[in-house]
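Here is a short briefing to read alongside the model. Take a look at the structure first, and then the notes below will walk you through it by topic.

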Amino acid sequence: MQKLIVLLWSFSLLGCTYSMKIPEASEAPTLMPRGSAYQDLVNLPIPKGKILVSVYDFRDQTGQYKPQPNSNFSTAVPQGGTALLTASLLDSKWFVPLEREGLQNLLTERKIIRAAQKKGNGAANHGDDLSALSSANVMIEGGIVAYDSNIKTGGAGARYLGIGGSGQYRTDQVTVNLRAVNVRTGQILLSITTSKTIYSYEVTAGSFRFIDYKDLLEVELGYTNNEPVNVAVMSAIDSAVIHMIVGGIGRGLWQPQNSEDLKHEVLQKYARQTHQVL
C-alpha cells in the first residue's frame, strides 16, 4: 500500500509537470506591461493647460550590478530611464516633453533642412521657414537613486519519507527621484522620491526514495516567478509623476481644468499618502 501511495503521488507530480504551460519562443511581441500605478496615471483629470517640460537625462545612479552568477558587467536596473520617464509624462496628459536627450541629433537635422531650403530643395512639408524650437517651462531632473537587494527573504518546507515540498521568496527594492526645476530661476519646485518592491518566489516539490531494493524513485517539480525590474522601475516612475502632479496642484503651480476635479479620487488617494517612518 505504501508503494502504491508513493507511485500515485509521483505520477500526480509528473502529470502536473506535463500540464504546465511552457511559453513558446515564437510568441508575438506585445506592449510593455505596466504596474497598477499606470491605471491611476491615465485616469488623472484633464489639466487646465499642458506644461512644456524638458528631460535631459534620467540616469541609473545606483551603481548596482546583478549578483552572481550573473555577469559583473550587467547592471541591476535598466539604463533607459529617460525613455521610461518620457513615456510616463506623455501618458499623464499633463506634460508635453521636449526632446533633449537627442538634442544634438535634432539640431543636426535642422541644419540639413536649412541647407536644403537655401538651395531650393527643401521638402514641402517643412514649409519655407523652419520655426524655432519650443522652450520648456519646467525641467525634470532626477534618476534611479537606489536598488536594494534582499530586503526580505524567507521560505518554508517539509519532507517526510523522501516526499515533500518547499517555497522561498525574496524582495528587492528600487527607488527613483524626480525634481521639477523652474527654468527661469533655477528653483527646485518639487522633489519626489518613490520606491517599488520587486518580488521573486520559488515553489518546488519532489520525491526521492527507494520503493524497493535498488529501485530508486526521484521526481521533481518547480516553479519560479521573478517580477521584471523594468516594470517595477516604470511603476515607481508612474507613481512619482502622479505625486508631482498632486504636489504641484497643492502648491498652486498648475491646476485641473475644472475646480470640481480637485476632489478626484486619484488626486485624493495620492494626497493622503505619507512617508513611512521606519
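Asn 150 is partly exposed, with a relative accessible area of 44%; here buried means under 20% relative accessible area, exposed over 50% and partly exposed in between, with a 1.4 Å probe and protein chains only as cover. This is a predicted model, in which local features need pLDDT of at least 70 and side-chain atom pairs count only at pLDDT 80 or more, while totals for chains, interfaces and linings use all residues. Residues are numbered from 1 along each chain as its sequence is written, and side-chain values use heavy atoms, with hydrogens and water left out.

**Backbone with positive phi**

- Asn 150 has a positive phi of about 55 degrees, although it is not a glycine.
- Its place is strand β4 (residues 138–160); strands (E, at least two residues) and helices (H or I, at least four) are DSSP runs, numbered from the N terminus.
- Lys 93, also a residue other than glycine, has a positive phi near 65 degrees.
- Lys 93 sits in the loop between α3 (81–92) and β3, and it is partly exposed at a relative accessible area of 48%.
- For background, most residues other than glycine have a negative phi.

**Overall make-up**

- The protein has six helices and seven strands.
- From the N terminus on, the order of elements is α-α-β-β-α-β-α-β-β-β-β-α-α.
- Of the 278 residues in the protein, 32% are buried.
- Among contacts (heavy atoms within 4.5 Å) with a separation of 6 or more, 71% join residues 24 or more positions apart.
- The protein exposes about 17,900 Å², and carbon and sulfur atoms supply 54% of that area; the method is Shrake-Rupley with a 1.4 Å probe, and for residues only the protein chains shown count as cover.

- Helix α5 has 22 residues and reaches 32 Å from its first C-alpha to its last, close to the 32 Å expected at 1.5 Å a residue; the expected span is 1.5 Å times one less than the number of residues.
- Most of α5 is covered, with 18 of its 22 residues buried.
- Gly 120 follows α4 and has a positive phi near 75 degrees.

**An aromatic pair**

- The count comes to one aromatic pair, where rings of Phe, Tyr and Trp (its six-membered ring) pair if their centres lie within 6.5 Å, and planes under 30 degrees apart count as stacked, over 60 as edge-to-face and the rest as tilted.
- The rings of Phe 95 and Trp 254 have centres 5.8 Å apart and planes at 85 degrees, so the pair is edge-to-face.
- Phe 95 lies in strand β3 (residues 95–98) and Trp 254 in the loop between α5 (229–250) and α6 (265–271), so the pair ties together parts that are 159 residues apart in sequence.
- Phe 95 is buried at a relative accessible area of 3%, and Trp 254 is buried at 7%.
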